[in-house]
Amino acid sequence: MFGLHQGQQKKEQLQKQNAELKKQIAQINTDLAKTRSESKLSISYLTSVNQKLVLREKVYNNTQKEKRFIEDDIYLRQLEINRQNKELAVLRKNYAEVLVNAYKNKGVQNKVTFILSSKNLGEAIRRVQYLKQYSDYQDKKAAEISDAANQIKKSITQKQNSVKEKENLLVNQQKDLATINAERAQKEQLVADFKKNESKLTAELKQKQVQSKALEGQIRAIIAEEIRIAKAEEEARKKAEAEKIRLAKLAAEREKARIEAEAKARAEALERERRIAEAEAKRAAELAAKRAEEERKRNEEAARAEANARDEARKIAAKKASDEAAANAKVAADKLAAARAAEAALTKRKEEEKKAAESKAMTSYGVTTAAGSSFADNRGRLGYPADRAGQITHRFGRQPHPVFKNITEENNGIKISVPSGTRAKSVYPGSVSSVLANNDGTKTVIIKHGGYFTIYSNLGNVSVSKGQQVSSGTPVGTVAQDFDGAYTLDFQVWNGSTPVDPLGWISY
């Protein structure tokens, strides 16, 4: 049963996978139907046919696996039926023995005699219970046989369903195989058509490569000029910033000197107050100690001379003087603590005022910290360069032509085949560095993102202008037809003067 459960789970996974693959095939068929009249001999059309053939073969392979799971299911169910038949035979044999024993003791008189022959009432009750349990046992055995028979019928039905499912699967598999053969023939015919027109297509392709090289030269020149201007601006900015910093530091030093002078004068005044407070505290402490000593001596004298009322008055007066001296000492000590705290607060405030003066001077002279471009921080998370999903037909770098083996293509970016009417869009905020008109009538847009550039080529019309600030997702133009009839966007990413693989940067 565990094997049946596992097989069913895997079979369901394959069925889900096949359903998803068939959706992709249907989408490719829809795209091919739209572009068939526009691009008879295009690499994108051939790529779509190839992709569809790969998906068909995956569906066929999954169906083969599913068929094996069904065959395993049929085999395991047969084993289960055999096991259940053996159990049913044993149940029937045991039930037959029960029926024979029941037949021998079926008479009501025998049962009554069996009960009445009991030695006492307790034994008679136990015999009645035994007869009832025996009757229930008979019913239970009959029910077990009935359930086992039903389980066998159910297993047989499930096995028959699996057999039918296998038969249907085989029919669909034959259809899929026929479709694969037809699509493989379509691909071979398409390749043959390519080769039949090899000289014409090769000439067009080479012409396109010449145009691409010329465009690359323009792009490199524009980027080099942008870098030169950026360096010059950066140097000028640094010089201006350095001058601002110099002037700001001079102003800050003057302000700091003023604060230092004021703080010094105030510190001297506080120091004088502290010294006076220390002297007062010292005198008050000495007076308090003197009064305390006098009081101690008077107390000793009073104790020796059996103090009288006069002595008591002097004692009270002495204690009062001592208390006053102690209070004065406490006031003087508080004044001293306040003077020291004022000195510490003055030192802290002086440092804070110096920092504030320096910050104010920098701000007033326009000194700022330049922030770097965050384009690089978004690597792998940049937006998709078109407002509709497409298929990548040419990858970055040196790639062999998919049909003509004697031709190698050098791509500074990727080419994306898209539906007619698709708009290219900026993948990140930046400023339009240039809009180029190409020899074949198409246009190219270059967008600057700090030290990085993104390039959108093969545009029929453009919706941005030089110097314009764009956001992520801003449409830059509509994708035009390539020389082979397909609508293809040529998208590139440059790090300074070096092109990099866009697939490592965009999310798709």
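## Aromatic pairs

Phe 375, Tyr 428, Tyr 452 and Trp 505 make up one aromatic cluster. The structure is a predicted model, in which local features need pLDDT of at least 70 and side-chain atom pairs count only at pLDDT 80 or more, while totals for chains, interfaces and linings use all residues. Residues are numbered from 1 along each chain as its sequence is written, and side-chain values use heavy atoms, with hydrogens and water left out.

Across the whole structure, a search finds 5 aromatic pairs. Rings of Phe, Tyr and Trp (its six-membered ring) pair if their centres lie within 6.5 Å; planes under 30 degrees apart count as stacked, over 60 as edge-to-face and the rest as tilted. The ring centres of Phe 375 and Tyr 428 are 5.4 Å apart and their planes stand at 90°, so this pair is edge-to-face. The pair links distant parts of the chain, 53 residues apart: Phe 375 is in the loop between helix 6 (309-364) and strand 1 (391-394), and Tyr 428 is in the loop between strand 5 (423-425) and strand 6 (430-437). Helices (H or I, at least four residues) and strands (E, at least two) are DSSP runs, numbered from the N terminus. Phe 375 is buried at a relative accessible area of 0%, and Tyr 428 counts as buried at 16%. Here buried means under 20% relative accessible area, exposed over 50%, and partly exposed in between (1.4 Å probe, protein chains only).

Tyr 456 and Phe 491 form a tilted aromatic pair, with 5.4 Å centre to centre and 50° between the planes. Tyr 456 lies in strand 8 and Phe 491 in strand 11, so the pair ties together parts that are 35 residues apart in sequence. Tyr 456 is buried, with a relative accessible area of 0%; Phe 491 also counts as buried, at 0% relative accessibility.

## Strand 11 and its partners

Strand 11 (residues 488-495) is mostly covered, with 7 of its 8 residues buried. Two strands pair if DSSP finds at least two bridges between them. Strand 4 (residues 414-417) pairs with strand 11 in the antiparallel sense over 4 bridges, and Ile 414 stands opposite Phe 491. Within strand 11, Gln 492 is opposite Ile 455.

The pairing of strand 11 with strand 12 (residues 498-500) is antiparallel and has 3 bridges. Val 493 stands opposite Val 500 in strand 12. Strands 11 and 12 form a hairpin with 2 residues between them, and Gly 496 in the turn has a positive phi of about 65°.

Asn 458 is found in strand 8. Its phi is near 65°, a positive value in a residue other than glycine. Asn 458 is buried, with a relative accessible area of 7%.

## Strands 2 and 3

In a regular strand the side chains alternate between the two faces of the sheet. Strand 2 (residues 397-400) pairs with strand 3 in the antiparallel sense over 4 bridges. The bridge partner of Gln 399 in strand 3 is Glu 409.

Glu 216 lies in helix 5 (residues 198-304) and counts as buried, at 15% relative accessibility. Its side chain makes a polar contact with the side chain of Asn 412, at 3.2 Å. A polar contact is a pair of N or O atoms within 3.5 Å; within protein, one must be able to donate a hydrogen and the other to accept it, and residues adjacent in sequence count only if both atoms are side-chain atoms.

## Whole chain and confidence

The chain has 6 helices and 12 strands, and 34% of its 508 residues count as buried. Its accessible surface comes to about 30800 Å², of which 53% belongs to carbon and sulfur atoms; areas come from the Shrake-Rupley method with a 1.4 Å probe, and for residues only the protein chains shown count as cover. Of the contacts (heavy atoms within 4.5 Å) with a separation of 6 or more, 75% are between residues 24 or more positions apart.

The mean pLDDT (the predictor's confidence in each residue, from 0 to 100) of the chain is 77, and 75% of the residues reach 70 or more. Over residues 368-372 the pLDDT is below 50, and this stretch has 2 contacts in the model beyond near neighbours in sequence.
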